[in-house]
Every structure is written in structure tokens, then in C-alpha cells.
Amino acid sequence: SRPACEVLGRLPGTELFRDVRRYPAALCTPGLLVFRFHAPLHFANAEFFCAQLRELLRRRASRACATRALVLDCSAMTEIDFSANSA
């Protein structure tokens, strides 16, 4: 399973966070990564979830914009399977 993943940024003048690829006006806060995973988290996609997050963190570190804080937007995770709990 390869669910969609998004980095979210805040739309200026609002409290709304949107996918930075679909909304170019959405701004990321330096040092903060807001990540949304569009699926329940379970044994079949737990490794994919971790791999996507690791790769994002690695890319940000290599661009000298290291992540100091991570926010997981779990609004699309309708369920977290016990087997994925350690992800």
C-alpha cells in the first residue's frame, strides 16, 4: 500500500494548512515539518510511512533547513493498527 503523503504549509492570513505541492502559496515554518499520511496506519504500510518520513527529514537536513519539530496531522488516519503502533 502506498498512500498519499503531504507536507503541509499554512495559507497566509488564515489558520488553514494545505499541501505545499498543490497550494504554492502555503508557507512552511522554518524548522517545523507538518506531515499528513492519507490512510489508516497498519502493518501493510507502516514501513512505507516510516520511509517517507525519514526521507523527508533527510532531504530537509541536506538543504540546511533541519527539522526541529515534527507535527503529524493524523486527521486522515481513521485507525492505527496495533502492529503499526511502533512505527
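Reply: E6 and R36 are both buried, where buried means under 20% relative accessible area, exposed over 50%, and partly exposed in between (1.4 Å probe, protein chains only). This is a predicted model, in which local features need pLDDT of at least 70, side-chain atom pairs count only at pLDDT 80 or more, and totals for chains, interfaces and linings use all residues. Residues are numbered from 1 along each chain as its sequence is written, and side-chain values use heavy atoms, with hydrogens and water left out.

The side chains of E6 and R36 form a salt bridge at 3.1 Å, N to O; the term denotes a side-chain nitrogen of Lys or Arg within 4 Å of a carboxyl oxygen of Asp or Glu. Because E6 belongs to strand 1 and R36 to strand 3, this pair ties together parts that are 30 residues apart in sequence. Strands are DSSP runs (E, at least two residues), numbered from the N terminus.

R36 also meets D73 in a salt bridge of 3.0 Å, N to O. Here the link runs from strand 3 to strand 4, across 37 residues. R36 has 16% relative accessibility, and D73, with 17%, is likewise buried. Through shared partners, the salt bridges join E6, R36 and D73 into one network.

Strand 3 (residues 32-37) and strand 4 pair in the parallel sense over five bridges, pairing being assigned if DSSP finds at least two bridges between two strands.

Terms used. Helices (H or I, at least four residues) and strands (E, at least two) are DSSP runs, numbered from the N terminus.
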